[in-house]
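Trainee: I am new to this structure. Could we go through its pockets one at a time?

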Amino acid sequence: MIGTRFGIMIFLGYRNSTASILVGTERAAIPFLGGTILVQPPSSAIVLGLNASGGATLPIDIPADPGLVGLVLDIQAGIADPGASFGVSMTNGLEISIG
């Protein structure tokens, strides 16, 4: 909803690692490093550090702009993970609609 805040949470990632959160406006299914990128490029990337439990929260403020109503965002994170194929693990995709 416009004028509110929500958070994107990562948990059970590789502890003390780095995550890149991709945000775009279209879905995709692009093979990448043994996984699948679910956000259509070009997209924005936000880098976060994960804590000792492998978690992080990215707070997002949605401006009180009526022009944003109906906007759909697709979101996915890639996490540096030395135990994963090619050193990267990927989250499931998330799609939100701003109302």
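Trainee: How many residues of the lining of the largest pocket are nonpolar, polar or charged?

Mentor: This is a predicted model. Its largest pocket is lined by 15 residues. Of these, 5 are polar and no residue is charged, and the nonpolar ones number 10.

Trainee: Which residues lie closest to the centre of the largest pocket?

Mentor: The pocket in question has a volume of about 260 Å³. From its lining, the residues closest to the centre are Ile8, Met9, Ile10, Thr91 and Asn92.

Trainee: Which strand gives the most to the lining of the largest pocket?

Mentor: Two strands, β1 (5-10) and β7 (72-80), each supply at least two lining residues there. The strand that gives the most, with 4 residues, is β7.

Trainee: What is the volume of the second largest pocket?

Mentor: Its lining includes Thr18, Ser20 and Leu22, along with Phe32 and Ile37. Also in the lining are Gln76, Ala77, Gly78, Ile79 and Ala80, as well as Val88 and Met90. The volume of this second largest pocket is about 180 Å³.

Trainee: Where does the largest share of the lining of the second largest pocket come from?

Mentor: The strands β2 (18-24), β7 and β8 (88-90) each supply at least two residues of that lining. The largest share is 5 residues, and it comes from β7.

Trainee: How many residues of the lining of the second largest pocket are charged?

Mentor: The lining holds 8 nonpolar residues and 4 polar ones. The count of charged residues is given as no charged.

Terms used. Residues are numbered from 1 along each chain as its sequence is written. This is a predicted model: local features need pLDDT of at least 70, side-chain atom pairs count only at pLDDT 80 or more; totals for chains, interfaces and linings use all residues. Side-chain values use heavy atoms; hydrogens and water are left out. On a 1 Å grid over the protein atoms alone, a cavity is a set of points where a 1.4 Å probe fits but cannot get out, and a pocket is an open set with protein on both sides within 12 Å along at least five of seven lines; lining residues have an atom within 4 Å of a point. Grid points are joined across faces, edges and corners, and a volume is the space filled by probe spheres set on the points. Ala, Val, Leu, Ile, Met, Phe, Trp, Tyr, Cys and Pro count as nonpolar, Asp, Glu, Lys and Arg as charged, and the others, Gly among them, as polar.
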